[in-house]
Amino acid sequence: MAQVGLATIKDIERGKGNPALNTVKKILEVLGIEIDYKVRQTI
């Protein structure tokens, strides 16, 4: 449903994955969870 590979999901569940933000967003969308994040700009 999230169009993410099964191996990627397994790695995330095992704590071995380092998914891209876009991948996380796809998974959370399917689960009906929203994510709020802030980007801090450093000078």
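1. Glu-29 is exposed, with a relative accessible area of 65%. The classes are: buried under 20% relative accessible area, exposed over 50%, partly exposed in between, with a 1.4 Å probe and protein chains only. Glu-29 sits in helix H2. Its C-alpha lies 7.7 Å from that of Ala-2, although 27 residues part Glu-29 and Ala-2 in sequence.

2. A word on provenance. This is a predicted model, in which local features need pLDDT of at least 70 and side-chain atom pairs count only at pLDDT 80 or more, while totals for chains, interfaces and linings use all residues. Residues are numbered from 1 along each chain as its sequence is written, and side-chain values use heavy atoms, with hydrogens and water left out.

3. The overall picture. The chain has two helices and zero strands. Helices (H or I, at least four residues) and strands (E, at least two) are DSSP runs, numbered from the N terminus. Buried residues make up 9% of the 43 residues in the chain. The chain exposes about 4,200 Å². Carbon and sulfur atoms supply 50% of that area. Accessible areas come from the Shrake-Rupley method with a 1.4 Å probe; for residues, only the protein chains shown count as cover.

4. Which residues of H2 are buried? They are Thr-23, Ile-27 and Leu-28. Seen down the axis of H2, these buried residues fall within an arc of 130 degrees, so they line one face of the helix. The arc is that of the directions from the helix axis to the C-beta atoms. H1 is included in what covers the buried residues of H2.

5. Why does Thr-23 count as buried? Because its relative accessible area is 19%, and the buried class is under 20%. Leaving aside neighbours within four places in sequence, Thr-23 is in contact with Val-4 and Thr-8. Contact means heavy atoms within 4.5 Å. Thr-23 and Gln-3 are 20 residues apart in sequence, yet their C-alpha atoms are 8.8 Å apart in space.

6. Gln-3 needs a look at its backbone. It has a positive phi of about 55 degrees although it is not a glycine. Most residues other than glycine have a negative phi. Gln-3 lies in the segment before helix H1 (6-14). At 72% relative accessibility, Gln-3 counts as exposed.

7. Next, Val-24 and Lys-25. Both residues are placed in helix H2. Val-24 is partly exposed, with a relative accessible area of 25%. Lys-25 is also partly exposed, at 39% relative accessibility. What separates the C-alpha atoms of Lys-25 and Ile-35? The separation is 7.7 Å, for residues ten apart along the chain. For Val-24 and Ile-35, eleven residues apart along the chain, the C-alpha separation is 9.2 Å.

8. The end of H2. Just after H2 comes Gly-32, with a positive phi of about 75 degrees.
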